[in-house]
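Visitor: I would like to go through this structure with you, term by term, and hear what stands behind each label.

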Amino acid sequence: MVRGPYKLIRYFGYTGFPDGYELYHLGEDPEEMEDLYPYEQAIAQTLQAEMEQRLEEADLPFGS
(Lines give C-alpha, C1' and ligand atoms only; values in the text may rest on other atoms or scores of the structure.)
Protein backbone atom coordinates (compact mmCIF):
# COMPACT_ATOMS: atom_id res chain seq x y z
CA MET A 1 0.00 0.00 0.00
CA VAL A 2 1.36 3.42 -0.91
CA ARG A 3 0.47 6.57 1.03
CA GLY A 4 2.41 9.72 0.29
CA PRO A 5 6.10 8.85 0.16
CA TYR A 6 5.65 5.58 2.10
CA LYS A 7 5.08 2.05 0.85
CA LEU A 8 3.97 -0.73 3.21
CA ILE A 9 4.31 -4.35 2.09
CA ARG A 10 2.68 -7.27 3.90
CA TYR A 11 4.07 -10.78 3.55
CA PHE A 12 1.97 -13.70 4.74
CA GLY A 13 1.20 -17.30 3.92
CA TYR A 14 4.64 -18.34 2.71
CA THR A 15 5.55 -21.79 4.02
CA GLY A 16 8.71 -21.67 6.12
CA PHE A 17 8.71 -17.88 6.43
CA PRO A 18 7.17 -15.76 9.19
CA ASP A 19 4.42 -13.27 8.34
CA GLY A 20 5.67 -9.71 8.40
CA TYR A 21 5.79 -6.19 7.02
CA GLU A 22 8.27 -3.91 5.32
CA LEU A 23 8.10 -0.11 5.10
CA TYR A 24 9.95 2.10 2.64
CA HIS A 25 10.20 5.85 1.99
CA LEU A 26 10.02 5.92 -1.80
CA GLY A 27 11.27 9.51 -2.09
CA GLU A 28 14.47 8.76 -0.22
CA ASP A 29 14.81 5.07 -1.13
CA PRO A 30 13.15 4.40 -4.51
CA GLU A 31 14.90 1.02 -4.85
CA GLU A 32 13.44 -0.16 -1.52
CA MET A 33 16.76 -1.13 0.02
CA GLU A 34 16.26 0.14 3.62
CA ASP A 35 13.33 -1.35 5.52
CA LEU A 36 12.06 1.33 7.91
CA TYR A 37 9.46 -0.86 9.60
CA PRO A 38 11.46 -1.41 12.80
CA TYR A 39 12.31 2.30 13.11
CA GLU A 40 9.15 4.17 11.99
CA GLN A 41 6.58 2.42 14.16
CA ALA A 42 4.06 5.29 14.28
CA ILE A 43 3.86 5.49 10.49
CA ALA A 44 3.95 1.72 10.11
CA GLN A 45 1.09 1.19 12.60
CA THR A 46 -1.08 3.82 10.90
CA LEU A 47 -0.57 2.28 7.46
CA GLN A 48 -0.93 -1.24 8.83
CA ALA A 49 -4.31 -0.38 10.42
CA GLU A 50 -5.56 1.08 7.13
CA MET A 51 -4.32 -1.94 5.18
CA GLU A 52 -6.03 -4.36 7.58
CA GLN A 53 -9.28 -2.40 7.33
CA ARG A 54 -9.19 -2.44 3.53
CA LEU A 55 -8.42 -6.16 3.46
CA GLU A 56 -11.40 -6.81 5.73
CA GLU A 57 -13.62 -4.74 3.43
CA ALA A 58 -12.34 -6.63 0.39
CA ASP A 59 -13.24 -9.94 2.06
CA LEU A 60 -16.90 -8.96 2.57
CA PRO A 61 -19.44 -10.62 0.29
CA PHE A 62 -20.41 -8.52 -2.73
CA GLY A 63 -23.25 -6.12 -1.93
CA SER A 64 -22.66 -6.06 1.82
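**Labels and their grounds**

Guide: Let us begin with Glu-32, which is found in the loop between strand 3 and helix 1, where helices (H or I, at least four residues) and strands (E, at least two) are DSSP runs numbered from the N terminus. This is a predicted model, in which local features need pLDDT of at least 70, side-chain atom pairs count only at pLDDT 80 or more, and totals for chains, interfaces and linings use all residues. Residues are numbered from 1 along each chain as its sequence is written, and side-chain values use heavy atoms, with hydrogens and water left out.

Visitor: Why does Glu-32 count as partly exposed?

Guide: Buried means under 20% relative accessible area and exposed means over 50%, with partly exposed in between (1.4 Å probe, protein chains only). Glu-32 has 25% relative accessibility and therefore counts as partly exposed. Its phi is near 55 degrees, a positive value in a residue other than glycine.

Visitor: Why is Tyr-11 called partly exposed?

Guide: The relative accessible area of Tyr-11 is 34%, so the label partly exposed applies. Tyr-11 lies in strand 2, and together with Tyr-14 and Phe-17 it forms a nonpolar patch on the surface, with about 370 Å² of accessible area. Such a patch takes residues with over 30% relative accessible area and no salt bridge, nonpolar side chains being joined within 5 Å and like charges within 9 Å. A salt bridge would be a side-chain nitrogen of Lys or Arg within 4 Å of a carboxyl oxygen of Asp or Glu.

Visitor: What makes strand 2 and strand 3 a pair?

Guide: Two strands pair if DSSP finds at least two bridges between them, and strand 2 and strand 3 have 6, in the antiparallel sense. Within this pairing, Leu-8 stands opposite Leu-23 and Lys-7 opposite Tyr-24. Strand 1 and strand 2 are joined by 2 bridges, also antiparallel, and they form a hairpin with 2 residues between them, Gly-4 in the turn having a positive phi of about 60 degrees.

Visitor: Which residues make up the largest nonpolar core?

Guide: A nonpolar core is a set of buried Ala, Val, Leu, Ile, Met, Phe, Trp, Tyr and Cys residues joined through side-chain atoms within 4.5 Å. The largest has 9 residues: Tyr-6, Leu-8, Tyr-21, Leu-23, Leu-36, Tyr-37, Ala-44, Leu-47 and Met-51. Strand 2 (6-11), strand 3 (20-25) and helix 1 (41-59) each give two or more residues to this core, and helix 1 gives the most, with 3.

Notes
Areas by Shrake-Rupley, 256 points an atom, 1.4 Å probe, with all protein chains shown as cover.
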